[in-house]
Amino acid sequence: MPSANPIKREAVEHSAAKRRKLSSATDRRVSVLSDMDSPTQAVRNVAPPVEIELTQKESILRQLLLDVAEYIDASALPDSTKHHLALPEELAKQKLVLRFVGGWVRDKLLGVPSDDIDVAINNMTGYDFGLRMKEYLDIPGNPAKYGLQGMGGLHKVEANPEKSKHLETVPVRIFGFDVDLVNLRTEEYSEDSRNPQMQFGTPEEDALRRDATVNAMFYNLTTSSIEDFTGRGYKDMQVKIIRTPLEPYQTFKDDPLRVLRLIRFASRLGYTIDPAAEESMKNPEIQAALKAKISRERIGKELEKMLKGPDPCTALGLIDRLGLYETIFSDPTKNNDKLKPNVGYFRHSYSMVHEITERDDATQQIFIRDAEDRYLAWQVAALVPWVDAPQQPPSRPGGKLPLPIAADVAMEGIKSTHKICTIVTAAVRLREEISGLVHKLAEQNRRPNKPVEGEDVRARDVLGMAVRRWGSSWRTLVVFAICTEVADESDAKDCMLYLSTTPRTH
């Protein structure tokens, strides 16, 4: 059956800028969309003139959830059993309303399959609903209605007052989907933490607390309709813009991680960030809050998703243009004002890796064999601005050398894996040796008929021995060396081209 979805995803790969382009085409005028000039104006639900077409498994999941809601509403149980957390009186009187929320709705509108589904519940915690769903599926005959053998154990995410997670959620694996059950919520932030005080909220309040309008749309399971309570989500998808539902400065001040999330979504979707949001992202107060309130693990996780996404170059370019390099790529365990990265190297470095990954020739095939090589290349490129940082001396004479600053930044600043930190350490320490060999190779390739003075580095055994010294990650080490040369505006770009004619040793 052809999709009724008027937004079609056209995967267009451009060799000059590897970005996934998502184009939209509508058969009807979007005349009902809100023309609000400010997101702080009164919120109303504007239903986009589209319908989401569910897959067979999504339809079965929807029916199961609706049947569980009907079962709960029909249960003659005291409130203390039905809801083990106190509810506002007006919510306790409501029937259950379930919605698919956030990224799943956005991806369905874009025609992108999604196995991650957040289910928002109007008047129960996710854990309470999950327990009742398990209870429903324990009734003989019920699982067979949905082709299930039963329901496994629930993994409860505890309410944790110390981390301000006051309402409980539960993840469930069912029909091949990763489903998170969670209540609609509103939140209140303190000045010194990104972890909010959470309370039961309305759909409007839940939509407004989200990071971007395109991530704030709901799919109501009862009405099978899309709900756009910000009045902007669908419209912003059409014009391909990332915008915060509320005023951006306060949105980022409340939760500075949203700065990185907007960069990630912009690079993933090929969207433009709203200029007002960009101005707030450049604000020194917001950048200071990002350093102070967000754990380095969370920063590292967002960066990893960017670099493994479809367009790492755009992500790093936004970090560069918004002045976020030192905010993200710094070692919080060291407060040495004299240790500064050469941020001017950054653009040259990520541009070089972009060129390597875009090439469809032997050069790219030498260095980028698979997704892991690609990810490692982007990782080391991001750390090139620290290459000139002075090597710290051993803590005692004859002692072991401390890690290079670039490796410290990888380890403490973005919480990279041990493998990546080891690669970065080797890349910094072997850089001069690798660069020297690359220059010799380029020079000898330039003059193939000239007699070689000294060692012929083009010989397979010479290159082979070098590769063995450098280890299994030699490709990434060479990429790092090339990036440092290009950043320093030498002729390493030519060296990279000559490498494409080098006999492969491994």
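Which residue's side chain meets that of glutamate 278 in a salt bridge? The close-up views below take up this pairing and others in what is a predicted model, a structure that holds 25 salt bridges.

**View 1. Glutamate 278 and arginine 321 joined by their side chains.** The partner of glutamate 278 is arginine 321, and the salt bridge between the two side chains has an N to O distance of 2.8 Å. Glutamate 278 belongs to helix H11, which covers residues 275-281, while arginine 321 belongs to helix H14, residues 312-321, so that the pair, 43 residues apart, links distant parts of the chain. Because its relative accessible area is 11%, and buried means under 20%, glutamate 278 counts as buried.

**View 2. A salt bridge between arginine 264 and glutamate 302.** Here the side chains meet with 2.7 Å from N to O, and the pair again links distant parts of the chain, with arginine 264 in helix H10 (residues 257-269) and glutamate 302 in helix H13 (residues 296-307), 38 residues apart. Both arginine 264 and glutamate 302 are buried. These two residues also take part in a network of salt bridges, in which they are linked with Asp211 and Arg261.

**View 3. Glutamate 412 paired with lysine 415.** In this salt bridge the closest N and O atoms of glutamate 412 and lysine 415 are 3.2 Å apart. Glutamate 412 is classed as partly exposed because its relative accessibility is 22%, which falls between the limits of 20% and 50%. Lysine 415, with a relative accessible area of 35%, is likewise partly exposed.

Key:
Residues numbered from 1 in each chain as written. Predicted model: local features only at pLDDT ≥ 70, side-chain atom pairs only at ≥ 80, totals over all residues. Heavy atoms only, no water. Salt bridge = Lys/Arg side-chain N within 4 Å of Asp/Glu carboxyl O. Helix = DSSP H or I, 4+ residues; strand = E, 2+ residues; numbered from the N terminus. Buried < 20%, exposed > 50% of the residue type's maximum accessible area, 1.4 Å probe, protein only.
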